[in-house]
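Have the viewer open and follow along.

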Amino acid sequence: MCTGSCARCLGGTLIPLALFGFLANILLFFPGGKVIDDNDHLSQEIWFFGGILGSGVLMIFPALVFLGLKNNDCCGCCGNKGCGKRFAMFTSTIFAVVGFLGAGYSFIVSAISINKGPKCLMTSNSTWGYPFHDGDYLNDKALWKECEKPVNVIPWNLTLFSILLVVGGIQMVLCAIQVVNGLLGTLCGDCQCCGCCGGDGPV
């Protein structure tokens with residue numbers, strides 16, 4: 001597959017993943033599917049906007065750049081063969097790194113939140129806090145009774161942060177692929193450009 005076609009394929013995959021991550025982060029503001037009375041009762045990691053910023057906004061720009069490669073002139077910019085497809089592929093590599101960092105941020109925030117557990121009204125002392133430690137609630141469902149409110153906050157947060165974890169992981173892999181693909185396109189050119197400039201070869 002040509003480097004330009006590969007980049008466009010990756011961009012088309014990243015767009016729905018970014019929207020999915022954005023939506024998952026929004027839903028975290030409504031634990032158990034309900035509006036919470038006090039925002040201070042939300043888990044701290046929700047306010048880090050891992051899905052909105054990391055897997056969302058910072059991923060949209062690289063995805064659009066990858067998709068936009070189809071509009072680049074193989075034979076250069078304004079007749080200058082020194083730029084064109086090679087420069088576009090190099091630019092896509094930079095944006096791929098940005099996307100990788102954004103996805104990594106979302107991945108790390110999600111992993112920390114899953115291990116920490118949600119903030120809730122604890123039955124032991126009727127105060128809001130984090131009753132779990134080092135992910136102990138993941139293997140012992142009996143501990144879930146420690147959270148009184150919000151109702152169903154544990155499965156809600158666990159499901160959504162797990163989605164963000166998976167989305168972030170996939171995005172990191174795709175961006176890493178584009179880093180390699182972009183470097184190949186920068187060094188070797190795009191096979192679709194072969195011969196388009198009067199037989200001069202890829203540019």
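Is Ser126 buried or exposed? At 55% relative accessibility, Ser126 counts as exposed, where exposed means over 50% relative accessible area, buried means under 20%, and partly exposed is in between (1.4 Å probe, protein chains only). Before going on, some ground rules: this is a predicted model, in which local features need pLDDT of at least 70 and side-chain atom pairs count only at pLDDT 80 or more, while totals for chains, interfaces and linings use all residues. Residues are numbered from 1 along each chain as its sequence is written, and side-chain values use heavy atoms, with hydrogens and water left out.

Back to Ser126, which sits in the loop between β1 (120-122) and β2 (128-129). Its backbone is worth a look, with a positive phi of about 55 degrees although Ser126 is not a glycine. Asp134 is another non-glycine residue with a positive phi of about 55 degrees. You'll find Asp134 in the loop between β2 and α4 (136-139), and Asp134 is exposed, with a relative accessible area of 69%. One more backbone item: the peptide bond from Lys149 to Pro150 is cis, with omega near -10 degrees. Pro150 belongs to the loop between β3 (147-149) and α5.

Now zoom out. The chain has 5 helices and 3 strands; helices (H or I, at least four residues) and strands (E, at least two) are DSSP runs, numbered from the N terminus. Reading along the sequence gives α-α-α-β-β-α-β-α. The 3 strands make an open sheet in the order β2-β1-β3, with antiparallel pairing; two strands pair if DSSP finds at least two bridges between them. The edges are taken by β2 and β3, each with a single partner strand, so one side of each is left without a neighbour in the sheet. As background, strands of a sheet pair through backbone hydrogen bonds, either parallel or antiparallel. Between β1 and β3, which run antiparallel, there are 2 bridges. If you want a specific pair to click on, Met122 has Cys147 in β3 as its bridge partner.

What about packing? Of the 203 residues in the chain, 43% are buried. Take contacts (heavy atoms within 4.5 Å) between residues at least 6 apart in sequence: 71% of them join residues at least 24 apart. Gln178 is in helix α5 (residues 153-188) and counts as buried, at 0% relative accessibility. Leaving out residues up to four places away in sequence, Gln178 touches Ala7, Leu10, Phe66, Met89, Ser92, Thr93 and Ala96.

How many salt bridges does the structure hold? There is 1 salt bridge, taken as a side-chain nitrogen of Lys or Arg within 4 Å of a carboxyl oxygen of Asp or Glu. Glu45 forms a salt bridge with Lys116, and the closest N and O atoms are 3.3 Å apart. Glu45 lies in the loop between α1 and α2 while Lys116 is in helix α3 (residues 85-116), so the pair ties together parts that are 71 residues apart in sequence. Glu45 is buried, with a relative accessible area of 4%, and Lys116 is partly exposed, with 25%.

A nonpolar surface patch of about 760 Å² is made by Phe22, Leu23, Ile26, Leu27, Phe30, Val35, Leu53, Val57 and Phe61. Patches are made of residues with over 30% relative accessible area and no salt bridge, with like charges joined within 9 Å and nonpolar side chains (Val, Leu, Ile, Met, Phe, Trp, Tyr) within 5 Å. Both α1 (3-27) and α2 (50-67) supply at least two residues of this patch, and α1 gives the most, with 4 residues. Phe30 is in the loop between α1 and α2 and counts as partly exposed, at 34% relative accessibility.

Finally, the record. An unreviewed UniProt entry places the feature "transmembrane region" at residues 12-31, 46-67, 87-114 and 158-177; UniProt positions are given in the numbering used here, feature names are shortened, and annotations may be inferred rather than shown by experiment. In the model, residues 12-31 are 80% helix and 0% strand, with end C-alpha atoms 31 Å apart. Residues 158-177 are 100% helix and 0% strand, and their end C-alpha atoms lie 29 Å apart.

Notes: Areas by Shrake-Rupley, 256 points an atom, 1.4 Å probe, with all protein chains shown as cover.
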